[in-house]
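Open your viewer, get the selection tool ready, and follow along stop by stop.

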Amino acid sequence: MEGRRRKALLFTLCFLLSSLPSLSSLPAFQTLIPTSHSLPSASPSSFQPESEPVSESLIGSETGSGSDSESSITLNLDHIDALSTNRTPQELFASRLQRDSRRVKSIATLAARIPRRNATHAPRPGGFSSSVVSGLSQGSGEYFTRLGVGTPARYVYMVLDTGSDIVWLQCAPCRRCYSQSDPIFDPRKSRTYSTIPCSSPLCRRLDSAGCNTRRRTCLYQVSYGDGSFTVGDFATETLTFRRNRVKGVAVGCGHDNEGLFVGAAGLLGLGKGRLSFPGQTGRRFSQKFSYCLVDRSASSKPSSVVFGNAAVSRTAKFTPLLSNPKLDTFYYVELLGISVGGTRVPGVAASLFKLDQIGNGGVIIDSGTSVTRLVRPAYIAMRDAFRIGAKSLKRAPDYSLFDTCFDLSHQNEVKVPTVVLHFRGADVSLPATNYLIPVDTNGKFCFAFAGTMSGLSIIGNIQQQGFRVVYDLMGSRVGFAPRGCA
């Protein structure tokens, strides 16, 4: 009798195991064609014509409910390097890595030190002192779109950034402004521009709020980790997205803007906070947006960012969003492990990526960081597993932050180990072009991951390329749909 029970239990166990997804079903290697991937030259994309008719919608009021929740908009999305036409591919790539290092350092500092936000603090009278640093000190993003500001709409390039909340742009009169591709926006020429009173709840939501005591209007400041900053009036304005006009968006109108924001007029914050564009327009666009990032080395065509129910791909695999008690800007997810060559890497444990109860550690998805950073023990274990799997490839000297590079010159195709990121509920198998990337025009390719000494890991945009990354804030989840740029 006991023997029969054991056999029945064993049969049941075998059946359950066989029904689970197995890594053995994933190929251990995939093909990379080095000759089809090289560093791009900068070339601006073509954007939607600016003379399209628009439809109006009101956000932030009771009249914005109902059918508005079914609305959606789609915009072109391109890499910020396309605004730099006078630099070589090598210069653009080196600059990208420099921006990346500054951004990662400031994100890690912010995540480690910032206290929990206090949404009820009063604006500082008289403006700002130089010692005030906003909670958004993580650097600007890497991808941009084009949208209209004001009435009549003035079209400008805006960086999209999931690691920032505030929507801001340069405004006239500009005491100190960096160079941008479009004329600087003049709020005096817009019929829909309206300053925000210091007593407004919108003003009190700012991390760094000031008050113009003479006009009793709200001031904002955003300081970035590389020393860049923007300071000005906090106001409401109409934004035009192709055929959609969205009224009453709280924006920073910057009159003193300095730093490394060359080309774009400002930043469209897509973070998780209440003052981000998704946070403000949640009811209008069902608290959903998605993007697909095209690798600039593979195509000069722009990809897209979508707001609304149409943003959710039916093929996406979703993982839950985690809540950080310390700050609400970043999109935290749970990374359980990593596979290389069809095998889970033993040294990459879920405990290395854990977000603790006071908000330290964890893993975030960030559109503005290029290279994925993993806590160093996890990175070393994954890197060593990849080196073993790629031992047939000719090694090349290190490059910048990359310590695993290969000479693939004169190669028509090579076999490289597969890399799979195991999130809770979603296994994301990366294309070879998302982790073995060209760093020069001579056939040198490097493993596009890096280690970090901070406790925070970041999934960067190189690893996101080609996927439609879906942010479903209503469902508190993030999804990944392969081949999502079509």
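**Stop 1: Asp161.** You are looking at a predicted model. Select Asp161 to begin: the residue sits in strand S6, which covers residues 154-161. Is Asp161 buried or exposed? With a relative accessibility of 0%, Asp161 counts as buried, because buried means under 20%.

**Stop 2: the annotated pair.** An unreviewed UniProt entry lists Asp161 and Asp366 under "active site". The two are spread over 206 residues of sequence, yet they cluster in space, with a largest C-alpha distance of 7.7 Å.

**Stop 3: around Asp366.** Centre the view on Asp366, in the loop between strand S20 (363-365) and strand S21 (372-375). Asp366 counts as buried, since its relative accessibility is 1%. Which residues is Asp366 in contact with, leaving aside its neighbours within four places in sequence? Select Arg103, Ile107, Asp161, Thr162, Gly163, Ile458, Ile459, Gly460, Asn461 and Gln464 to see them.

**Stop 4: two prolines.** Most peptide bonds are trans. Zoom in on Thr151 and Pro152, though, and you will find a cis peptide bond, with omega at about 0 degrees. Pro152 belongs to the loop between strand S5 (143-149) and S6. Next, select Ala172 and Pro173: the bond from Ala172 to Pro173 is cis too, with omega near -5 degrees. Look for Pro173 in the loop between strand S7 (168-170) and strand S8 (194-195).

Stop 5: Most residues other than glycine have a negative phi. Select Ser286, in the loop between helix H4 (277-280) and strand S14 (288-292), and check its phi: the value is positive, near 55 degrees. Gln287, in the loop between H4 and S14, also has a positive phi, of about 55 degrees. Ser286 counts as buried at 6% relative accessibility, whereas Gln287 counts as partly exposed at 34%.

**Last stop: confidence.** Colour the model by pLDDT. The mean for the protein is 81, and 74% of its residues reach 70 or more. Where does pLDDT stay under 50? Select residues 44-54, for which the model has 24 contacts beyond four places in sequence, and residues 116-120, for which it has 13 such contacts.

Note on methods. Residues numbered from 1 in each chain as written. Predicted model: local features only at pLDDT ≥ 70, side-chain atom pairs only at ≥ 80, totals over all residues. Heavy atoms only, no water. UniProt positions renumbered as here; feature names shortened; annotations may be inferred. Helix = DSSP H or I, 4+ residues; strand = E, 2+ residues; numbered from the N terminus. Buried < 20%, exposed > 50% of the residue type's maximum accessible area, 1.4 Å probe, protein only. Contact = heavy atoms within 4.5 Å. pLDDT = per-residue confidence, 0-100.
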